[in-house]
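Colleague: I am new to this one. Please show it to me, and then let me ask how you know what you say.

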Amino acid sequence: MASAAKRLEAISGMPAPQIRFDAVTLQLGGKTIIEDLSLGVQPGEFLCIVGASGCGKTTALRLAAGLYQPTSGKVNFDGQPMREPRREIAIVFQDYGKALLPWRTAAGNVSLALEAGGMPSAERPARIEELLRTVGLPGHAGKYPSEMSGGMQQRLQIARCLAQEPKTLLMDEPFGALDAMTRQGLQDEVLSLVAASGATVIFVTHDLDEAIYLGDRVIGLLPHPGRIGIELSVNLPRPRDQLSTREHPEFLRLRRQLFDFIKASEH
Amino acid sequence: MNRTALVWRLASFAVAAGFIALWQLIANLKLVSPVFLPGPDRAWAALVRGFSSGDLWSKLAGTLEHMAYGWLAASIAGIAIGAIIGSSRTMRTYVAPSLEFLRPLPVSAIIPVAIAMLGLTQAMALFVIAFGAIWPIMLATIHGFAAVEPRLYEVARSLQMSRLAVIFKIALPSASPDILAGMRLSLTVALILSVVCEILAGLDGLGHWVLLSARSFRSADLFAGVILLGVTGYVTSVAMSLAEHRLLAWQAAQQ
Ligand SMILES: Nc1ncnc2c1ncn2[C@@H]1O[C@H](COP(=O)(O)OP(=O)(O)OP(=O)(O)O)[C@@H](O)[C@H]1O
Ligand SMILES: [Mg+2]
């Protein structure tokens, strides 16, 4: 399989997609939630998914994670069918409060991923400290999640995901519940973390500005059933900057286009 | 300790002292015949006598042993069975109704059955105590396992954790507050049933001591035994609370 992907890469000159949806349809409880979705995400790409509430963004992400299996069609990861979740794919859930273990400290929560990866216990403390430092939580190792603010808890969840050393990072409205200032800070941190690790990202958000600010590409989903309604390439220079990027004419143009799309999709 | 807590503590001591004084008064006035009711002074003397002669030590040890074995057996079986039932929706649907039928059965009802099957033996006592003490633990475990945040199972899946790791790192710790509360309730049940079994089967323990004292009208010894039982119940329950407090330190952080 892998060699077939390599060959394809050699022929087309394009790297094979890391995640590929092939005419994916998903039914849950007799209802078609996602219909005929085809999509490729290149290694290292930052893809953002937007769309009205209930259009199937979370469902699409769960398909990519292997938490759902398509009713028909295929989801491939590195050229192989996704049959179940795997450690190379990390998910940052929106509800960080539910995704962290309340009985483990920050260090313990990060450790969970290292334990699952089979890291010897002697090597863990150093790695945990490094990861907590990476997400801006040095010195909070001994705190329980309940003793941390929302922003800190989400950083902790990101640290645990990084501990998986994922090839792909799936994020479901990770900053949806945070205030604007915390949000912008975390956007930039995620961008630099991702740039450093080279991970592929699928990032779901309600916030059109956030999607354009972060993404290489933005996909807008149409509801009932969920399918792709618009696809925009974001040709904005990197590294992005909270002020100048958001004032860039291209940013404003994309924002307008996306805004009109969402407006139209809601009718 | 803050001031209000201190005041409450003092008040509760005062109430206890008041009761003892009242008891002494009733005994001194011989409102109840001394054959049946010794004063606290005589009960205390009997207690001291019992311990210095060594008799009471062995009785206390006997009761503690019955209680501990029964309770531990109930805990292990209750947590294991509760975990199996609680972690599967199908099991919950099919088994829970039968449990609801069995649970309110008074344990005293199964004592004759146990005696018929096992005789007046230690094994019978162990069975009866464990059977009575298992319910609070098992039901609490079922509840605790059923209430694990589904999101955490998804985290476990995406980390490709093994089944065993999921049980020990996710489900058990998540259910631990429920399980420990069930274990605390069972402690009292185990003590009561230990005494009952000792009385019925004549096994070495405080229950037996109390029975013999009553039969030979040694009321002071009888009261010494009863006091000791009360203290045992209190001390074990306090010890359990302390253990809970330590094990669930993360919960205190949540408040
Ligand atoms: N397990 C399920 N069974 C049946 N229907 C479901 C299930 N999960 C989601 N749905 C339905 O699928 C649709 C898409 O849900 P999804 O959560 O993917 O939307 P979303 O785009 O993430 O919405 P939001 O922006 O509100 O998070 C909704 O109409 C929802 O009711
Ligand atoms: Mg969603």
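Modeller: We take the two chains in turn, then the place where they meet.

Modeller: This is a predicted model, in which local features need pLDDT of at least 70, side-chain atom pairs count only at pLDDT 80 or more, and totals for chains, interfaces and linings use all residues. Residues are numbered from 1 along each chain as its sequence is written, chains are lettered from A and ligands numbered from 1 in the order in which they are written, and side-chain values use heavy atoms, leaving out hydrogens and water.

Colleague: How many helices and strands does chain A have?

Modeller: Chain A has 10 helices and 10 strands. Both are DSSP runs, numbered from the N terminus: helices are H or I with at least four residues, strands are E with at least two.

Colleague: What share of chain A is called buried?

Modeller: Buried residues are 54% of the 267 in chain A. The word means under 20% relative accessible area, with exposed over 50% and partly exposed in between (1.4 Å probe, protein chains only).

Colleague: And which elements make up chain B?

Modeller: Chain B has 11 helices and zero strands. From the N terminus on, its elements run α-α-α-α-α-α-α-α-α-α-α. Its C-alpha atoms fill a box of roughly 75 × 55 × 30 Å along the principal axes.

Colleague: What share of chain B counts as buried?

Modeller: In chain B, 40% of the 255 residues count as buried.

Colleague: How do you know that chains A and B are in contact?

Modeller: Contact means heavy atoms within 4.5 Å. In chain A, 27 residues are in contact with 17 residues of chain B.

Colleague: How much area do the two chains bury between them?

Modeller: Chain A and chain B bury about 2100 Å², 62% of it on carbon and sulfur atoms.

Note on methods
Buried area = accessible area lost by both parts, 1.4 Å probe.
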